Amino acid sequence: MSAPLLELRGLAKHYPLKGGRVVRAVDGVDVALHPGESLGLVGESGCGKSTVARLALRLIPPSAGAILFQGRDISGLSDSALRPLRRDMQLIFQNPHAALNPRRTVFASVAEPLVVQGVAGRDGVLARVGDLLRQVGLPDSFLWRYPHELSGGQKQRVCIARALALEPKLLALDEPTSALDVSVQAQILEFLQELRSRSGLAYLFISHNLAVVRQVCDRVAVMYLGRVVEEGPVEAIFTAPRHPYTRALIAAVLPPRPAGMPEAPLAGDVPNAAEIPPGCRFAPRCPIRMDRCTRDDPALAGTDHRAACWAASEA
Amino acid sequence: MTALLDISDYRLAFDGFEGRAHVLDGIDLRVAAGESVGIVGETGCGKSVLARSITRLVDTPPGRVLSGHIRFAGEDVLAMDQRALARLRGHGVAMIFQDPMTYLNPVFSIGSQLIDVIRAHDRAAGQRMRPRVAARAAAAEVLGAVRLPEPDRLLDRYPHELSGGMRQRVLIAMALTGTPRLLVADEPTTALDVTIQAQVLRLIGELVAERGLALLLISHDLGVIGALCRRIVVMYAGTVVEDADAAALFDRPRHPYTRGLLAAVPDLARPDHRARPIPGHIPNLLAPPPGCRFHPRCPLAVARCIAEKPALREVDGRRVACHRAEDIAA
């Protein structure tokens with residue numbers, strides 16, 4: 001297997017609160033992403049999936065752990081040292097309506113990274129932006145439009161064109177279709193799959209929608225309260241999940257058909273990240289909790305398909 | 001049987017700087033007592049403004065009712081005075097919305113807000129408002145009814161101290177403080193995580209069954225609708241395009257838009273099914289397409305679809321608004 005493009009080792013992000021308490025937003029994450037691979041990051045709100053993406057792209061500095069990008073630890077690099085690396089890693093946000101400046105044309109938004117990184121000269125920029133728009137399926141006539149003249153799907157395409165401008169190796173997508181209608185979501189998903197097979201980009205794909213993740217990802221990491229609790233190939237995760245939280249997430253998905261209510265949903269709420277339970281952090285909500293689970297914190301165990309669960313490791 | 005809710009030929013427009021937006025274009029919809037009906041559609045299809053029309057929460061102006069009527073339990077909602085509306089809102093129809101934080105006042109305790117609502121419902125019903133102490137007991141009881149633990153202590157807490165799922169339960173409790181016969185739930189779980197969504201949907205299903213309420217559940221998510229509703233109404237660009245039994249709708253959609261919508265949803269249980277987009281865009285309601293509003297995106301459109309608006313008509317045991325419904329393979 002090739003060397004990973006991105007590897008996170010023991011990655012943590014802690015935010016101190018007044019009174020000595022600490023929010024452990026990300027609390028020891030180990031995952032790897034290989035070139036051309038699509039890794040899904042799933043979990044409920046507050047589990048730390050967006051923070052992991054921001055750490056991986058070094059938009060924020062980690063509290064602990066290493067971020068290896070193409071084998072080089074970038075966790076402690078200064079902003080100026082990071083700048084040349086920014087070309088290789090780009091981020092797409094959930095809400096395309098908020099990610100474009102309403103006073104700038106599509107051309108100005110997409111051209112900005114080219115100008116900032118000094119990639120294209122004055123003459124080359126227009127041709128390059130036109131080319132990028134065609135790549136995302138928008139005609140040249142969109143160059144001089146403003147965001148308010150575009151639909152949600154078109155805006156997300158413009159955001160993707162802007163992210164592709166510098167030919168990155170890694171694209172982090174944070175809920176890229178959650179703000180879009182399903183008919184438009186299908187367009188964007190279709191496009192993202194086509195783009196990856198054409199360009200060999202790697203995706204760090206964050207979503208709460210498991211059906212979407214199953215469609216676009218090769219591997220999946222399931223997060224709960226700042227930690228990856230299960231990670232493995234997409235088929236193994238969905239057909240033979242090992243962690244009880246993964247099973248509960250899958251069971252809670254409502255299929256698009258008259259299925260009736262899902263069986264016995266998970267009780268309770270996700271605990272506060274400033275008060276992480278001792279032992280296994282999922283233990284208070286876990287339907288198969290054992291004595292040991294409230295004492296000892298399970299680590300991710302296994303090789304290709306890993307789970308952090310005492311019951312899974314005994315089975 | 002007379003319907004509990006009866007909406008017929010309801011047309012609503014909004015007047016704005018850019019002209020008149022034809023937001024609802026001849027809605028026909030009936031809901032029987034105790035029935036659970038889902039309304040599904042994408043952004044801008046008019047499902048929320050239709051829900052708000054039922055209790056006349058749409059401001060006029062800028063809204064303008066162009067035609068039609070809305071009857072609830074035989075009474076004409078569009079003709080009601082403020083007193084009758086106050087009784088309708090809570091004693092006839094209760095509503096819950098998408099974002100529970102928006103509908104709770106952050107500076108008052110849960111108890112204080114519930115007590116106010118309980119006493120307002122007393123007044124609307126023409127009774128003497130009960131004292132706050134008595135209303136407090138009723139508030140604790142209704143919090144218990146929505147399965148919130150320690151209702152007495154919860155009454156003294158503030159909205160920011162509650163999780164999203166708990167806040168939505170509080171709003172459901174508030175909706176039950178009157179004596180509603182119809183619960184209108186507009187995207188009640190869209191702001192919630194999936195495991196919490198499952199809890200809240202289960203609660204809504206149980207309460208509706210226990211109390212014999214009719215349910216009008218509005219969602220963009222076919223899974224949410226499929227979990228609770230036996231009948232599904234599909235809306236597109238301000239029109240009802242299909243109204244069918246849930247099983248029949250999912251198995252044999254008869255409207256091209258319903259077919260497109262079903263094909264666009266990724267299904268976890270069927271990984272081989274690739275979500276397929278619907279080409280084109282939703283129309284601008286300032287200048288909606290003539291004839292069938294779906295015709296510019298429809299793979300089956302013919303000249304008649306541009307010339308003539310299709311009426312909702314009986315086909316294959318359901319109502320469909322499509323000239324070519326018979327041509328769509330079952």
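**Working through a two-chain predicted model**

In chain B, 48% of the 330 residues are buried, meaning 20 or more other C-beta atoms, placed from the backbone, lie within 10 Å of the residue's own. This is a predicted model, where local features need pLDDT of at least 70, side-chain atom pairs count only at pLDDT 80 or more, and totals for chains, interfaces and linings use all residues. Residues are numbered from 1 along each chain as its sequence is written, while chains are lettered from A in the order in which they are written.

**Exercise 1.** Work out whether the radius of gyration of chain B agrees with that of a compact globule.

*Solution.* Start with the rule: 2.2 Å times the number of residues to the power 0.38, with the radius taken over C-alpha atoms. Next, look at the spans: the C-alpha trace of chain B covers about 65 × 50 × 45 Å along its principal axes.

**Exercise 2.** Describe the side of chain A that touches chain B.

*Solution.* First, count: chain A puts in 34 residues and chain B 38, a contact being two C-beta atoms, placed from the backbone, within 7 Å. Then find the elements giving two or more residues on chain A's side: α7 (182-199), α8 (210-216) and α10 (244-252) of chain A. Here helices are DSSP runs of H or I, at least four residues long, numbered from the N terminus. α7(A) gives the most, with seven residues.

Technical notes. A residue is buried if 20 or more other C-beta atoms lie within 10 Å of its own, exposed if 12 or fewer, and partly exposed in between; C-beta atoms are placed from the backbone.
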